[in-house]
Each structure stands twice: as structure tokens, then as C-alpha cells.
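Have the model open as you read.

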Amino acid sequence: MELIAALATPPGASALGVLRLSGDGARAAAEKLLRLKSAEGWLPRKALVAEALADGEVLDEVVAVYFPGPSTATGEDLLEITAHGSPLILRRLLAAAFAAGARPAAPGEFTQRGFLNGRLDLSQAEAVGDLIRARTDEARRRALRQLRGGLSDEIARLRRPLLELLVRLEAGLDHPEEDLPPLSRETAAKVCGEISRAARRLADTHRDGRLLHDGARLAIVGRPNAGKSSLLNALLGRDRAIVCPTPGTTRDTLEEPWEVGGAPALLIDTAGLGDAPEGPAEKAGMQRSLRALEGADLAILVVDRSKTPGPEDEEVHARIAETAARLGTPLLRVLNKCDLPPPRPEDAPWENGPLSVSALTGSGLDRLHGEISRGLALEKSKAEPILVASQRQAEALLGAAQALAEAEGAAAGTLDPALPWEDRTASGLRDGFRRLGDIVGEGTPEQVLHEIFSRFCIGK
């Protein structure tokens, strides 16, 4: 394949910078770009000190490693040059690589070539991107497990009995005159049903996989002056939001990255709900609060524990609870300001709320951390051996589960028993087998590959 080149380190000054070249002519380009300081010549997979040349002058002293294909990350000849991390040096070194016959690499093109050359399957290639983007140790561990073939092995395990069953069915259909061992409808239905349910269970892990890699959106909502911004600051451990005794200080949503239960999260502070907005700014702020609630993976309803709730408070709280229930969003009711004296004795039911905290003193925050983790079911997701992080993978699994459920119905005779069961079962089996193959990249269209690898950084 044609020679490509790109910097594998991010822009900006650093101690070191890495240039990668891959494809036909990598060795020839190395001889144009570099002058070795050793008389040994180019030794495969050995770090060699060299002078980098550009426009007829020595640009830098570098360390270069030449990897002959196909046993490389890309499956082809690969050259990696480590230079000093001056942006000037790296820019000129990259220009010299282009002058030596390389073209600029597209985003993810090195990994894509590894996939096309059989060095890794598509689920492993996607794991490379997840590993680069991992923001927590748990996300890193999950991505590394998939890169090492965790999901690939599971897909192979699911496909193996399907292939065996399909071979037996099609052999009977294509060669009815042969004396082949009979295949019972019960056996066919049992295999299809078991794999269909296993595929659906695996697809159901997508929500947890998405939260682990993309992060959970946590909307902090409630009435004005309930202490939402104070709670945001307390959870972050720093003063990020402006806090003022005057109600309505927050007029816009404020988003800050956070971590809970080993998963990345985004804390979203919102404007208070319920009071008649004064002007277009407050109205827009309340609309954004509602959108944040509707897009949240978990909502934290903050209630002022030091006050007796009035009718408008109860109306807003009920509306928030109804919205969360309608969307299936977990809702945590948090009684804030527990450092202040409680309301009148007749308001004691507030004392029995699910969770009391003080954003001022930090009381109850550890418990709130645990409740958020439980609300997102993060502990349960940690027990799953494999989590599907990609929407593409989840859709392929659901498609396979549906096709195999139809094959099960055909074999069991619940789908139009007047038609030959073998044909319909074989059709569902083929579809389910193909859809499972999509996960590891068998027969994946070029457009889908482009979409996947375009999300990678250049140089990877």
C-alpha cells in the first residue's frame, strides 16, 4: 500500500515527538530521511541513533526503529522516528517525509491498515479508540480487555454452534438424497433460542458500556436557592459555580467533568425551576434546565431541608419526579442544608428523606457518592465480564438476536407451520450468523469503516 506519514504525538512543545511511516517504501524513505551513526546498517526492530536530514542539512539527532512487515501493527513495513519535541523540528521532519514519497495519513489510517491486513478485527480496532479516550482506570481496563480479544472471543463462541447447525441444515437441504443424520426441530430451536438470548443479554450491556466510556450525565435540579450550585462545588471539591443567597443566581447550565464509581461523569448545575421567569434570560435558563433533566442518565433533585416545602415546591418536585419516571431516569432526592436547624416539628417527615447532606460541611457526601453509583448500577456493571461500548455493536447484537428468535420460532413451528421449517430456520441462522460477524468486521462496508476510523486521531 502507498506510504503514509503522520506525527503520533500531539501538537505543542514536549520532550520527545514521534513520526510514523507505514507502507511500501518505508525503508527507502528511511534512507532518504536519516543518516545512521552506526556502521551496522538498518537492523530490524532495533533502536538506532541517526541524524535526521531536511533540505540538505542535519535537522536533529533522533532514534529510529524499522519494523519490516507483516508482523507489525499495520501489517506492513513501519518506521518510527523519535525526535526532540520541538514543533519546528517535527514540522520540518514531517515535510521531509512527504518529500521522500509519503502522503499525509488520514485519521485512524494506521489502525485501519492493521484491520485490513488482519492484525486485529474491527471490535479490537474500536477498542484502540476506547483505550485512547479512556478517562478512568475502569474504562482503561475494559478497553484493554476488548483489545486483547475479549469481545471477539465471545462472538466466536456464539457463532460456533450456529455454524455447526447451519452446516447440518444446509447439507440436508442441498443433498436430500444423501443418508445424513437427521436434525430434530427441537435441537435447532434450542440452539437458536440459546444464542438469541445470549446475544440480547450482551446487547443489554451497552448502556453500562456507554456510561463507562462516554460518561454519565448527572443533572442537579430543583427549586431556586435549594443549594444546587453549592452541591456542585462540594462534589467537585472546588468553587466552580457562583454561590449567592439571592435566589436565581444560576441562569444557565454549568457542566463540569467528574468521576464516580470508576466511571467518568458530567455534573450539570441548572437554573432553579418553578418561579415565573423574569425576562428572556431566566426563561431560557429554565428551558435548558428541563433539557438537562431530559438528557440525564441520573437526576439529583436538591431540596432545601431547612425549609417547610410549600405548594409550589411540591408541584416542581412532583413534575421533576414525573419527568424522570416517564424517561426511565433514576432520580435521587437529596435533602441539602442539613447543617441548618430543621423546620417546625410538624415537618419531621423531611427528616425521613432518603438522603441528607450539607454542601457547606461535606456531611453526607460520601453516602451521596455511593447512591449515585448505585443509581447508575455501576457496581453491577463491574461484575459483567464484557461490556459493549459501541452503538454499532449493540445494534448488530440486537439484529442477530431478532433473526435467531425468528429461526427458533420457525424450528419450533410457531411461525406459520405450513411452510417448510428447514428453509426458514436456515434463513434466520444465516442472518444471525452474518450480523454477529459484522461486530468483528466480516463484510463491513467501506462507508462504515470510514465512519469508525474517522473518529481516531491522526497518527494512530
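## The sheet

Seven strands make up an open sheet with mixed pairing, in the order E3-E4-E5-E6-E2-E1-E7. At the edges sit E3 and E7 (103-104), each pairing on one side only. Strands here are DSSP runs (E, at least two residues) and helices are too (H or I, at least four), numbered from the N terminus; two strands pair if DSSP finds at least two bridges between them.

This is a predicted model, where local features need pLDDT of at least 70, side-chain atom pairs count only at pLDDT 80 or more, and totals for chains, interfaces and linings use all residues. Residues are numbered from 1 along each chain as its sequence is written, and side-chain values use heavy atoms, leaving out hydrogens and water.

On one side, E3 (residues 34-36) runs antiparallel to E4, joined by 3 bridges, with Leu36 partnering Ala50. E5 (residues 57-67) is also antiparallel to E4, with 7 bridges, and Glu51 stands opposite Glu61. The E4-E5 hairpin has 2 residues between the strands, and Asp55 takes a positive phi near 55 degrees there.

## On to E6 and a helix

E5 also pairs with E6 (residues 78-85), antiparallel over 5 bridges; here Val65 faces Glu80. Helix H1 (residues 26-33) packs on the sheet, touching E2 (14-22), E3, E4, E5 and E6, where contact means heavy atoms within 4.5 Å.

Technical notes: Axes fitted to C-alpha atoms, helices over the stretch in contact; angles between N-to-C directions.
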